[in-house]
Amino acid sequence: MKALVLEEPGRLRLSERPQAPSPQQGEALVRVHRVGVCGTDIHAYAGKQPFFEYPRLIGHELGVEVLEVGPDTQGIQMGDHCAVEPYLNCEKCIACRRGKGNCCAQMKVMGVHIDGGLREQFVLPARKLHVSPTLSFDQLALVETLAIGAHAVARAQVERDEWVVVIGAGPIGLGVMQFAKQAGAHVIALDVNAERLQFCREVWNIEHTIVVSDATLEELRALTDGDLPTVVFDATGHPASMKGAFEFVAPGGRLVFVGLFQGEVSFFDPDFHRKEMTLLATRNALPQDFKNILGWMENGEIDTSPWITHRAPLHEVPETFESWTNPRNGVLKAMIELA
Ligand SMILES: [Zn+2]
Ligand SMILES: [Zn+2]
């Protein structure tokens, strides 16, 4: 079977791999139809993903079809169309025992720590499949990326009518905005890039946008009747933005770090204490986030039509991938087609 191997930074190669084995206890064999390309894949391609080992099959945003199931695979049948929860957790550690498998101590993310979905078929634990009878493979491949945003909004317990700021209008920030709006919040988008904010207004229907500047704090006060937002999400993973975000939070509010920075982030403790602020990190997503999103996509509450901006069949990806990494090409989500 064919697989697309990231051999080293900047080099993707189509190669022939042995057929996938038969599924064992609790496992399913799946055919991969769609793979969404995400920031992690782009970082790995650029050689900027920390602790990433090459060669690796990338791809963790998957729309798949079940070809065969092993024993003990309740709820999963041959022919099912599924989204994949690509976080392989140990089911034994303290996080797993407390229902937080998204931050398992032994976490292995498909396409990052172990091989992912850029291959025609593979075997995975059936418990990681989320079935939908009606969604397209494109939609199924979008579920993981949306789950990140849904999980962040669920962590923050966003309430109706509160003011929410999302810093960073990239794919992850856009996901957060979508679910914060769905929760009934008033959403303000912040970014350094005016074009991205224009996209937020015109395509995402975000009413309030602010280009980040020295005046941002005052603009936030003006919009919120002097109160400031009660929830601030940072989806930039940029240390200066993460540090600056503490200033934007209303007293008693919460700050949620969705984006990750590989280093130290500092803040001025008296500000943090004075406001009795809550600082939250979010990582990956939970099975319930996947289930919620499938439901919202199925009933039309979440419109997936603006997401996919670029696509290519598997064999064209070695040539095309580079162009998807160029910010000037306006890629929101590129989709790879396998079958
Ligand atoms: Zn992703
Ligand atoms: Zn675990």
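In which hand does α3 pass α9? The crossing is right-handed.

## Basis of the model

This is a predicted model, in which local features need pLDDT of at least 70, side-chain atom pairs count only at pLDDT 80 or more, and totals for chains, interfaces and linings use all residues. Residues are numbered from 1 along each chain as its sequence is written, chains are lettered from A and ligands numbered from 1 in the order in which they are written, and side-chain values use heavy atoms, with hydrogens and water left out.

## Helix pair α3 and α9

Helices are DSSP runs (H or I, at least four residues), and strands are E runs of at least two, both numbered from the N terminus. The axes of α3 (residues 137–156) and α9 (residues 287–298) come within 8 Å. They cross at roughly 115 degrees. Axes are lines fitted to C-alpha atoms, for helices over the stretch in contact; angles run from 0 to 180 degrees between N-to-C directions. A right-handed crossing has the near helix turned clockwise from the far one by less than a right angle, a left-handed one anticlockwise.

Residues of α3 including Leu140, Val143 and Ala147 meet residues of α9, among them Phe290, Ile293 and Met297. Contact means heavy atoms within 4.5 Å.

## The six-stranded sheet

An open sheet runs in the order β12-β11-β10-β13-β14-β15, with parallel pairing. Two strands pair if DSSP finds at least two bridges between them. Its edge strands are β12 (208–211) and β15 (278–281), each pairing on one side only. Neighbouring strands are turned by 20 degrees against each other on average, direction ignored.

β11 (residues 186–191) and β12 pair over four parallel bridges. Alanine 189 has threonine 209 in β12 as its bridge partner. Helix α3 packs on this sheet and touches β13 (231–234), β14 (254–257) and β15. Its direction makes about 150 degrees with that of β13. Helix α5 (residues 194–202) touches β11 and β12, and its direction makes about 180 degrees with that of β12.

Cysteine 38 lies in the loop between β3 (27–37) and α1 (39–46), and histidine 60 in the loop between α1 and β4 (61–69), so the pair ties together parts 22 residues apart in sequence.
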